[in-house]
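Subject: Structure handover

Hello,

I am passing on the structure below for you to look at. My notes on what turned up in it follow.

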Amino acid sequence: MMILYLCLPLQLLTLMFSPHFSLSFTAIMSDSGVPSSLVNGPQNGFSMKHDVGARTDSHEQEAVYDIMRATGNDWATDIPDVCRGRWHGIECMPDKDNVYHVVSLSFGALSDDTAFPTCDPTRSYLSRSVTKLPHLKTLFFYRCFSYNPQPIPTFLGTLGRTLQTLVLRENGHVGPIPDEVGNLTRLRVLDLHNNHLNGSIPLSLNRITGLRSLDLSGNKLTGPIPGLTFPSLNILDLGQNLLTGPIPSTLGACLPLIKLDLSRNHLNGMIPEKINGLKSLMLMDLSYNNLSGPLPKSLKSLSSLQALILKGNPMGPGPTTIPNNGFTGMTELMTLVLSNMNLHGPIPESLGQLPNLRVVHLDGNSLNGSVPKSFKDLKNLSELRLNDNKLSGSVPFSREMVWRMKKKLRLHNNSGLCYADKSGFRDSEDSTFNQYGIKLCDEDRSNNNGGSEGSLGTIVQHLSVTRQKSEPTTTNVVSSSSDAPVLVVAVTVTRLLSLTSLLLFTLILL
């Protein structure tokens, strides 16, 4: 089996895709088509305990002892048979002679649910003995060398005949990514996330034609993104580096891409139109770069996209607008983040026709005009930021929508925005709606004031008795402040006359 580690923002699939946080998870994929002299599937000590004739290859056992000592796990040398020792972090497979070979080694406390051997970060190192495991498919180290920074060993390149998953996450590795990594031509997963690697992305990686997940994020890599062409790539994460230059159009040839994250670099130029072939793409995060406009027409071709995050790009040199039909057809879109992009012009009505939208951030731009009336039909919308723009006119939100979003609805710093008297804003306490920074629309204010003086209206309650009900019901009557005393007196007189008539009728009967 092969472990594919994916790192995704708050909700990919609301997932999965929130633009505010990341979530790590594990997906299991089969390793079909890889020649092997081994039989059955990977096994650990638990599944081998009843296999009386099984034994671990003696040379590989000594190699495992060396690797364990190098990570501060000296206790492992007391285990007489490492494949039958009943400890997690090692997987073995037998050959036809029932001799077991190590196929997977994992170190580091990935979560409370994993029981991989932890490393002593003050003295751990990656032992050369890993090259003595000729059947090794997975090598996983997590937070093992952070107190003893070291380069990624070049000898790992000798594992190219079998290695399929190489994960070296948050280990404090320094220096460049060795060219020898390109010799690992059977790799499916390469994960070097959150180290201190520098230098450029080696062109030798293009030799790994079967790569499915490439995560080099959270390092100090420099230079342009090379023309990567991985026909089977699902995950590409180069975020949080120091990469420069344009986004290569060759990425449009990575047709199976599901996640593309190039955020927080120094990339420039326009978003290439050739991304229109990425029909499987579900998350695209290009935020916090120096990208320029206009927004490509090809965006609406990304029919599977669920999260589009472009915030923090200046989109110059001139003003950039949101195309009228720029997102038409993106019916799966849940998260749209276009904050602080120097966007001008109106918000297109077509945005309100994307039924699955849950998070929309358009704040910090120079958008004008009114909020599209179609926004009231976004039944799944739970977070909307329109603050710090130049919007005007009445906000078309229902009471249900306003209460659903609560503080996640941000409208402040739009001097022309207001709410209608019959909108959802009118149904709440004034103190609650002051947080939105909008006021009652002038025409409604004028109507409530009777065209001149007075307050917004006086709420007067009176009792009405119907023939159908024995209980009195409360009815609201809105009047101007000048007529309120007259109405109250009239209601009081009516009550007294009714009581007097009732008493007279009672006396007559007596």
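To start with the cysteines, C83 and C92 are joined by a disulfide, with an S to S distance of 2.0 Å. Please keep in mind that this is a predicted model. The link of C83 and C92 is left-handed, with -85° about the S-S bond. C83 is buried at 1% relative accessibility, and C92 is buried as well, its relative accessible area being 0%.

In total there are three disulfides in the structure. Another one connects C119 with C144, and here too the sulfur atoms are 2.0 Å apart. The disulfide of C119 and C144 is right-handed, because the torsion about its S-S bond is about 50°. This pair links distant parts of the chain: C119 sits in the loop between β5 (99–107) and β6 (138–142), C144 sits in the loop between β6 and β7 (165–169), and the two are 25 residues apart. C119 and C144 are both buried.

The remaining pair to describe is C418 and C441, a disulfide with its sulfur atoms 2.0 Å apart. Its torsion about the S-S bond is about 85°, so this disulfide is right-handed. C418 belongs to strand β28 (residues 416–419), while C441 is in the loop between β29 (439–440) and α5 (442–448), so the bond ties together parts that are 23 residues apart in sequence. Both of these cysteines, C418 and C441, are buried.

If the bonded cysteines of the chain are numbered in sequence order, the pairing reads 1-2, 3-4, 5-6. Separately, C254 is buried, with a relative accessible area of 0%.

Next, the aromatic rings. The structure contains three aromatic pairs. F141 is buried at 0% relative accessible area, and F145 is buried with a relative accessibility of 0%. F141 and F145 belong with F107 to one aromatic cluster.

Last, some strand pairing. Strand β10 (residues 196–199) and strand β12 (residues 220–224) run parallel and are joined by two bridges. On the β12 side, K220 is the bridge partner of N198. β12 also pairs with strand β14 (residues 242–245), again in the parallel sense, over three bridges. There, T222 has L242 in β14 as its bridge partner.

Regards

Technical notes:
Residues numbered from 1 in each chain as written. Predicted model: local features only at pLDDT ≥ 70, side-chain atom pairs only at ≥ 80, totals over all residues. Heavy atoms only, no water. Pairing = 2+ DSSP bridges. Helix = DSSP H or I, 4+ residues; strand = E, 2+ residues; numbered from the N terminus. Phe/Tyr/Trp six-rings, centres within 6.5 Å; stacked < 30°, edge-to-face > 60°. Buried < 20%, exposed > 50% of the residue type's maximum accessible area, 1.4 Å probe, protein only. Disulfide = S-S within 2.5 Å.
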